[in-house]
Amino acid sequence: MADPKDVVVEFIKSKSKQKSKFYFNDLAALFPDMKMREAKKVINQLVADGVLEYWSSGSTTMYGLPGAGKQAGAEGEE
């Protein structure tokens with residue numbers, strides 16, 4: 001089986017034309033045999049490693065690749 005971190009990154013890259021940010025449940029659904037806590041650890045490790053970043057609207061948190069999406073330019077990120 002592929003490394004769960006690689007699965008998440010490949011999924012996000014494959015959808016990058018349509019979306020740049022994803023809900024936790026979108027990413028956790030990639031691992032139907034994994035408990036939510038285990039999936040959360042994988043995703044949080046990707047954030048800690050700088051592969052993914054959090055994005056918050058104030059009411060919800062999403063995940064995406066650093067610098068991807070319309071918000072990046074609007075918020076002065078590079």
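The largest nonpolar core holds 16 residues, and Val8, Ile12, Phe24, Leu27, Ile43, Leu52 and Tyr63 are the ones with the most contacts inside it. A core here is a set of buried Ala, Val, Leu, Ile, Met, Phe, Trp, Tyr and Cys residues joined through side-chain atoms within 4.5 Å; buried stands for under 20% relative accessible area, exposed for over 50% and partly exposed for what lies in between, with a 1.4 Å probe and protein chains only. Helices α1, α2 (24-28) and α3 each put at least two residues into this core. The model is predicted, so to speak of local features takes a pLDDT of at least 70, and side-chain atom pairs count only at pLDDT 80 or more, while totals for chains, interfaces and linings use all residues. Numbering starts from 1 along each chain as its sequence is written, and side-chain values rest on heavy atoms, with hydrogens and water left out.

As for the overall layout, the protein chain has 4 helices and 3 strands, which run α-β-α-α-β-β-α from the N terminus on. Helices (H or I, at least four residues) and strands (E, at least two) are DSSP runs, numbered from the N terminus. Of the 78 residues in the protein chain, 28% are buried. Among contacts with a separation of 6 or more, 42% come from residues 24 or more positions apart, a contact being heavy atoms within 4.5 Å.

Leaving out residues up to four places away in sequence, Phe24 touches Met36, Ala39, Lys40, Ile43 and Tyr63. Ile43 is 19 residues from Phe24 along the chain, and their C-alpha atoms are separated by 8.2 Å.

Next come the helices. Two packed helices are described by the angle between their axes and the distance between the axes. Helix α1 (residues 4-14) packs against helix α3 (residues 36-48) at an angle of about 70°, with the axes 10 Å apart. The axes are lines fitted to C-alpha atoms, for helices over the stretch in contact, and angles run from 0 to 180 degrees between N-to-C directions. The two helices are therefore roughly perpendicular to each other, a label for 65 to 115 degrees; under 35 is roughly parallel, over 145 roughly antiparallel, and the rest oblique. On the α1 side the contact is made by Pro4, Lys5, Val8 and Val9, and on the α3 side by Val42, Gln45 and Leu46. By class that gives 5 nonpolar, 1 polar and 1 charged residues, where Ala, Val, Leu, Ile, Met, Phe, Trp, Tyr, Cys and Pro count as nonpolar, Asp, Glu, Lys and Arg as charged, and the others, Gly among them, as polar.

The strands form an open sheet of 3 in the order β1-β3-β2, with antiparallel pairing; strands pair if DSSP finds at least two bridges between them. At the edges are β1 (21-23) and β2 (53-56), each pairing on one side only. From one strand to the next the twist averages 45°. Strands β1 and β3 (residues 61-64) are joined over 3 bridges, and Tyr23 has Met62 of β3 as its bridge partner. Helix α3 packs on the sheet, where it touches β2 and β3, its direction making about 65° with that of β3.

Between β2 and β3 there are 4 bridges, again antiparallel, and Ser56 stands opposite Thr61 in β3. The hairpin of these two strands has 4 residues between them, and Gly58 there takes a positive phi near 105°.
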